Amino acid sequence: MNILKLGGSVVTRKDKPKTPNIEAIGRLAHEVASAGPRRLIVVHGGGSYGHPLAKEYDIYVGYSSPRQLSGFSLTHQAMVELNRLVVEAFLAEGVPAISIAPSSFIVTEDHRIADADFSVVSRASESGFVPVLYGDAVLDSAHRFTILSGDQLTARLAIDLGAKRIIFGVDVDGVYTANPKLAKEARLIEELSLNQMRGMVRIGEALSTDVTGGMLGKIQEAGAAVDVGVEVQLVNALKPGVVKDALRGEKIRCTWLRR
Ligand code: ADP
């Protein structure tokens, strides 16, 4: 089984509130369809749908005022809207996608998934569906609620369901020596070991609004999956054909995270 995480930088235009990248969503659905049938779970990020609202209402720090309750709902609803666009794009390509809302079955403990019951996700996948989940506003046992990032969710799904590989689709070719959007001299790192990942304390921050730590947060979350033997690949999902080639196991320009 593979897990394809489509970043918020891919499925939305991060610089414009609530703006989907319809062209990319449709193309990626087509690429998944043409890569052929296989067990696949898709997780997408929030980008300009979830993050601005989560930030406006401080959802990721937990409860401090009653106005956040509506903010929580608005954040979740924004993700439902984006998820609908993603699922509809897959359906239009004949991929039997089904939407599964993380907030309806995951309660985090101090911002982290402790023990989630992924049996519905796993059964849906075994039954031939492509479950489509997303970063979501979720209830939290310590802080009343928080934001569960698509990256944390992806790593946990991979670990708990024994996925072979995670493909993180982002808007750059992989992990660079510095933020490629800020530093001209940044070079792509083709392979990164767990030790190197742990050592990468300063990796730069994502350019636009993001409450989940950009690339550094991503490799920290992915590290947990790499640790138990999941192969993790970071690829540029905005370049046509890259995700299809990755799904087919073809050689592409990317970063591999390995033990
Ligand atoms: P997404 O929301 O799509 O999951 P993020 O926007 O959180 O992804 O993270 C990807 C972004 O991280 C890239 O667009 C890039 O600007 C930024 N980034 C920061 N440092 C690095 C780095 N060293 N290598 C690659 N990308 C980096």
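Let me start with one term: a residue is buried when its relative accessible area is under 20%. Phe118 comes in at 4%, so Phe118 counts as buried. Keep in mind that this is a predicted model.

Who is Phe118's partner? Phe105 pairs with Phe118, edge-to-face. Their ring centres are 5.9 Å apart, with 75° between the planes. Phe105 is partly exposed, at 25% relative accessible area. Now the positions. Phe105 sits in the loop between strands E3 and E4, and Phe118 in the loop between E4 and helix H5. So the pair ties together parts that are 13 residues apart in sequence.

How many aromatic pairs does the structure hold? Three. Another of them is Phe72 with Phe145. Here the centres are 5.5 Å apart and the planes stand at 50°, so this pair is tilted. Phe72 belongs to helix H4, Phe145 to strand E7, and 73 residues separate them. Both Phe72 and Phe145 are buried.

Next, helix packing. Two packed helices are described by the angle and the distance between their axes. For H3 and H4, the axes come within 8 Å and cross at roughly 175°. The two helices are therefore roughly antiparallel. On the H3 side, the contact includes Tyr49 and Leu53; on the H4 side, Leu74 and Met79 are among the residues. The contact residues split into eight nonpolar, two polar and three charged.

Last, helix H6, residues 150–161. Is H6 mostly enclosed or open? Nine of its twelve residues are buried, so the rest of the structure largely encloses H6. Among the buried ones are Asp151, Leu153 and Arg156. Just past H6, Gly162 has a positive phi of about 65°.

Terms used
Residues numbered from 1 in each chain as written. Predicted model: local features only at pLDDT ≥ 70, side-chain atom pairs only at ≥ 80, totals over all residues. Heavy atoms only, no water. Helix = DSSP H or I, 4+ residues; strand = E, 2+ residues; numbered from the N terminus. Expected span 1.5 Å × (residues − 1). Buried < 20%, exposed > 50% of the residue type's maximum accessible area, 1.4 Å probe, protein only. Axes fitted to C-alpha atoms, helices over the stretch in contact; angles between N-to-C directions. Parallel < 35°, antiparallel > 145°, perpendicular 65-115°, else oblique. Contact = heavy atoms within 4.5 Å. Nonpolar A, V, L, I, M, F, W, Y, C, P; charged D, E, K, R; others polar. Phe/Tyr/Trp six-rings, centres within 6.5 Å; stacked < 30°, edge-to-face > 60°.
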